Amino acid sequence: IFMVLSLLSIVYGALRCNILAIRIKYDDYDVHVKPAAYLCIFLWRSFEIATRVTVLVLFGSVLRIWVFLVVLLNFLGFCLYPWVLFWLTKSPFPENIEKELSRVGTTIVLCLLTFLYAGINMFCWSAAQVELSDPDLISKSQNWYRMTVYYIVRLMENAFLLLMWYIYRTDFYLYVCAPMLVLQLLIGYCMGIFFMLVFYQFCHPCKKLFSSSITEAL
């Protein structure tokens, strides 16, 4: 019961973050979110987060040391990614975050922001993409390429972790139909991607402002 309540609270938080990110990106427009959009986001985040957590738990139950390496690589990769992009753009160091902050304080704030960004992206696609070269620190453009790469790599990673669990599973899972569980988790993650595509293609409140639809981008 507590696990279900925790999952629902996290999914609700992800839903609210999605809506907030849309309002921030399109603050010049009057954004009206329809019930169908709320439903798509809820199903998208439910399948995405639940399957991701389950995959990590299963993998960690049989390869306890290696799961720390997987989490560490994910965290460091997403944490350093905004800084690499910032370095490639050769933009000046952000100075307008808070006037009272020194350069060291600004650096600490940016590091904490990227830590939060990395923690979210370990489990689901972040609603707001960090862009340190932007004055608002948030990317205002819709990057279909980055989203596509994220979900393809994440699906492959989940499949690999499930394969490792299937190979090294213990007698504890003797009465579990392992192939069916693997199939259900992969289908569940694909269902999350499906509802994400439905949301951006049909239910996004600002879809008319996109330069191209997600199907055209794909």
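A cavity is a set of points, on a 1 Å grid over the protein atoms alone, where a 1.4 Å probe fits but cannot get out, and lining residues have an atom within 4 Å of a point. The model is predicted, so local features need pLDDT of at least 70 and side-chain atom pairs count only at pLDDT 80 or more, while totals for chains, interfaces and linings use all residues. Residues are numbered from 1 along each chain as its sequence is written, and side-chain values use heavy atoms, with hydrogens and water left out.

One cavity of 30 Å³ or more is present. The largest cavity has a volume of about 70 Å³. Volume here is the space filled by probe spheres set on the grid points, which are joined across faces, edges and corners. Asn18, Ala21, Ile22, Lys25, Tyr26, Ala127, Gln142, Tyr200 and His204 line the largest cavity. Helix α1 (residues 2-25) gives the largest share of this lining, four residues. Helices are DSSP runs (H or I, at least four residues), numbered from the N terminus. The lining comprises five nonpolar, three polar and one charged residues. In these classes, Ala, Val, Leu, Ile, Met, Phe, Trp, Tyr, Cys and Pro count as nonpolar, Asp, Glu, Lys and Arg as charged, and the others, Gly among them, as polar.

The largest pocket has a volume of about 430 Å³. A pocket is an open set of points with protein on both sides within 12 Å along at least five of seven lines. The largest pocket is lined by 23 residues. Of these, Cys17, Ile120, Ser126, Ala127 and Ala128 lie nearest its centre. α1, α2 and α4 (103-121) each supply at least two lining residues. The largest share, seven residues, comes from α1. By class, the pocket lining has 19 nonpolar, three polar and one charged residues.

Helix packing was examined next. The axes of α2 (residues 35-62) and α3 (residues 64-89) come within 5 Å and cross at roughly 140 degrees. Axes are lines fitted to C-alpha atoms, for helices over the stretch in contact, and angles run from 0 to 180 degrees between N-to-C directions. α2 and α3 are therefore oblique to each other. Angles under 35 degrees count as roughly parallel, over 145 as roughly antiparallel, 65 to 115 as roughly perpendicular and the rest as oblique. From α2, the contact draws on Arg52, Leu56, Phe59, Gly60, Ser61 and Val62; α3 contributes Arg64, Trp66, Val67, Val70 and Asn74. Contact means heavy atoms within 4.5 Å. The α2–α3 contact residues are six nonpolar, three polar and two charged.

α2 also packs against α5 (residues 144-168), at an angle of about 35 degrees with axes 9 Å apart. This crossing is left-handed, that is, the near helix is turned anticlockwise from the far one by less than a right angle, whereas clockwise is right-handed. Among the α2 residues meeting α5 are Trp44, Arg52 and Phe59. The α2–α5 contact holds 13 nonpolar, two polar and five charged residues.

The axes of α3 and α4 come within 8 Å and cross at roughly 130 degrees. α3 and α4 are therefore oblique to each other. Their crossing is right-handed. Contact residues include Phe75, Phe78 and Trp83 of α3, and Leu110, Phe115 and Tyr117 of α4. They divide into 11 nonpolar, three polar and no charged.
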